[in-house]
Every structure is written in C-alpha cells, then in structure tokens.
Amino acid sequence: MTADLKFDGRVAIVTGAGGGLGRSHALALAARGAAVVVNDLGGSVHGQGGSQSAAQQVVDEIRASGGRAVADFNDISSAQGAQALVETALRAFGQVDALVNNAGFLRDKSLVKMDPADFEAVVRVHLIGSALCSRAVWPIFQARNYGRIVMTTSAAGLYGHFGQSNYAAAKMGLIGLMNTLKEEGAKHSILVNAVAPVALTRMTEGLAVSRWMERASPDKVSAVVVYMASQACSGSGRIVAAGAGRFAGVKVVEGRGVQAPTEAVTAEFVAAHWAEIHDMADARAFANAAEALIDTYGKDPS
Ligand SMILES: NC(=O)c1ccc[n+]([C@@H]2O[C@H](COP(=O)([O-])OP(=O)(O)OC[C@H]3O[C@@H](n4cnc5c(N)ncnc54)[C@H](O)[C@@H]3O)[C@@H](O)[C@H]2O)c1
C-alpha cells in the first residue's frame, strides 16, 4: 500500500454511511487504517423515519475486521446535528482529518407537482448539510493546517435529470460550495474535491439497469473517495465522475466568446452570433472567479 494512501493515525467522518456508497467509503477508509465516524440517522430513501441499526451494523463490521469506528446518529442537515457529529469524532478519536459529505435522500417529482417543502428538504440535506458539516470541521482543519473534504455531487446536477429539480439544484450547488471552499482552504492545505458517482444502491435500484450499471458496485466509487480523502491527494476543486471502474474529470468551462462592437451591443447581435457564442472549441477552465474576470474583462477588447 502506498504510504500516503494509508490512513494510520487519521480520522475520517463519513455522513450517511449506514448503507450504499457511504458504507462502502467507511469500510474502505477503515481497511486502510482510518478511525471512522459512521454517521447515519437510518431513514428511508425518501428521508422518512430513522433507526440506529444501519450505522451500528457498519461499525460492527469494521470492528469485526480489526478496524476502529464509532457510530453517530445525528441529522447532518441541522447545524446542531453537524456540530454534534464533529464532537462525536473528537470525543472518540481526538481529531478529524477527512470529511466525506455523502448523506442524502430523494423526493422526485417534476417541479410544478413538487411540494415546496420537498424541494427545501432535499436541498437542505445535500447542500446545506454538506455546508454545515464542512463548517463544523473547518476550525479543526485550520488549526492543524491539514484537511480533506469530499463532496458528493451527481450527473443529475451537472447535466440535469427530469423530476429531480430539487436534487439537481442541491448537487450543482455543492460544486459552487466546493469552488469557494477550495479558495478558503488553500492556505491551510485543506483540499476540497467532489465525486459524481454511479453505483447500484437502494437509491438507484428503481432505474433501468444496463449491463454497465450491474458492474457499478459502490466500492468502485470508494477508490476515488479514498484518494480524495488521503494525504496523497493533489489538487482541489476537482470533480471526478466515477462508476464501474471508470474515472473521468469534469470541468466548468467558458468559451472564447464574441465581442460586440460598442455601438451594437444588442439582442440582434446576440441572435446573429448565437452559434459562435456557444462555440466551445477553445473553451477554458478558470482557477477562480477573479482569474475568470481578469482574463475576460481585465484586458482591452481586441
Ligand atoms: N447511487 C448512485 O448512483 C448515486 C449517483 C449520484 C449521486 N449519489 C449520491 O451518493 C450519496 C449516497 O447515496 P446512495 O446511493 O448510497 O444512497 P443511500 O440511500 O443508500 O445512502 C444515503 C444515506 O444517507 C443517509 N441520510 C439521509 N439523510 C441523512 C441525514 N439527514 N443525516 C444523516 N444521514 C442521512 C441515509 O440514511 C442513507 O443511509 C448521496 O448523496 C447520493 O445523492 C448516488
């Protein structure tokens, strides 16, 4: 095992680790020596109900194979719950090195048919929950000049998916959160990256399953989550689509654009250049908003 992909002496928190992908991430981290906080409130795939048995079973599994783990049953979508989760980690293991924001649930419907409360609940658990947990570990990471955060985004957010406006908004929101935390964490060696997984779990069991999906076990996603949570990780603000053993970077890019003459900045100009505006042949990704603005508007138009 590569030394910096080992987690001896490291502590990782995985939210929503009572089943599916989170369970797999927790087992993988523990197998590499991490002491793991297995958080899960044990609700349904639609975020109803709760039980302590899911998280406890994963803890039992880790301990049975000689690893270190503690269960936590807090609701990560509340500020109190997120704080209490981090306190569980500190009480049990004295520090935190990595946070994997994975918890969440679905309440799918087309927007017009969706109860606004279901829009809010889904945004709350995926986006606000990840922000609250990141905020709760942040002072620990700053003080130690070390930290790793993994966000769990989704193709639904990156590209859109019918019936998932709440979920897609939250998952794309996580990319904005990551982009800014990458800036805020840079001087403390806090790296923040995101995985866009595809795996067969209870969340995806209703989907039409292709042969490809049948090969998409959660452990194949955990490989990149382990890397992003490790000391070996390089880079921050990266998105990796991961499923069935395939790993691919994803980026937000901006085309070269078209400059309208000062006297003709009109809707007619936009209409006439619509295709050119969307020409992505020389598209670039920017390190941050300042770089994007300076690159685009900081120079005289030529
Ligand atoms: N499975 C996929 O193909 C896929 C694709 C894209 C994104 N994702 C994302 O991956 C993550 C894991 O999903 P999964 O497929 O393993 O589904 P899952 O339902 O098995 O796992 C989600 C877990 O989060 C827990 N949870 C929900 N709300 C919580 C809360 N408030 N506090 C603590 N725990 C809570 C649930 O109890 C559950 O165990 C989710 O963020 C999901 O959106 C999954």
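Let me begin with A170, whose place is in helix α6, where helices are DSSP runs of H or I with at least four residues and strands are runs of E with at least two, both numbered from the N terminus. What we are looking at is a predicted model, in which local features need pLDDT of at least 70 and side-chain atom pairs count only at pLDDT 80 or more, while totals for chains, interfaces and linings use all residues. Residues are numbered from 1 along each chain as its sequence is written.

Why does A170 count as buried? A170 counts as buried because it has 26 C-beta neighbours inside 10 Å, and the cut-offs are 20 or more other C-beta atoms within 10 Å for buried, 12 or fewer for exposed, and partly exposed in between, with C-beta atoms placed from the backbone. Leaving aside residues up to four places away in sequence, A170 touches V122, V123, H126 and L127, contact being C-beta atoms, placed from the backbone, that lie within 7 Å. A170 and S154, which are 16 residues apart in sequence, are 9.4 Å apart in space, C-alpha to C-alpha.

Turning to helix α4, residues 116-144, we find 29 residues that reach 41 Å from the first C-alpha to the last, close to the 42 Å expected at 1.5 Å a residue, the expected span being 1.5 Å times one less than the number of residues. The buried residues of α4, among them V122, V125, H126 and L127, pack against α3 (79-93), β4 (98-101), β5 (147-152), α6 (165-185) and β6 (190-198). After α4 comes N145, with a positive phi near 50°.

Now to the sheet, which is open and mixed in its pairing, with eight strands in the order β3-β2-β1-β4-β5-β6-β7-β8; two strands pair if DSSP finds at least two bridges between them. Because β3 (68-72) and β8 (246-250) stand at the edges with a single partner strand each, one side of each is left without a neighbour in the sheet. Strand β1, residues 11-14, runs parallel to β4 and is joined to β4 by three bridges, and A12 has A98 in β4 as its bridge partner. Helix α1, residues 20-31, packs on the sheet, touching β1, β2 (35-39), β3, β4 and β6, and its direction makes about 170° with that of β1; axes here are lines fitted to C-alpha atoms, for helices over the stretch in contact, and angles run from 0 to 180 degrees between N-to-C directions.

Terms used. Contact = placed C-beta atoms within 7 Å.
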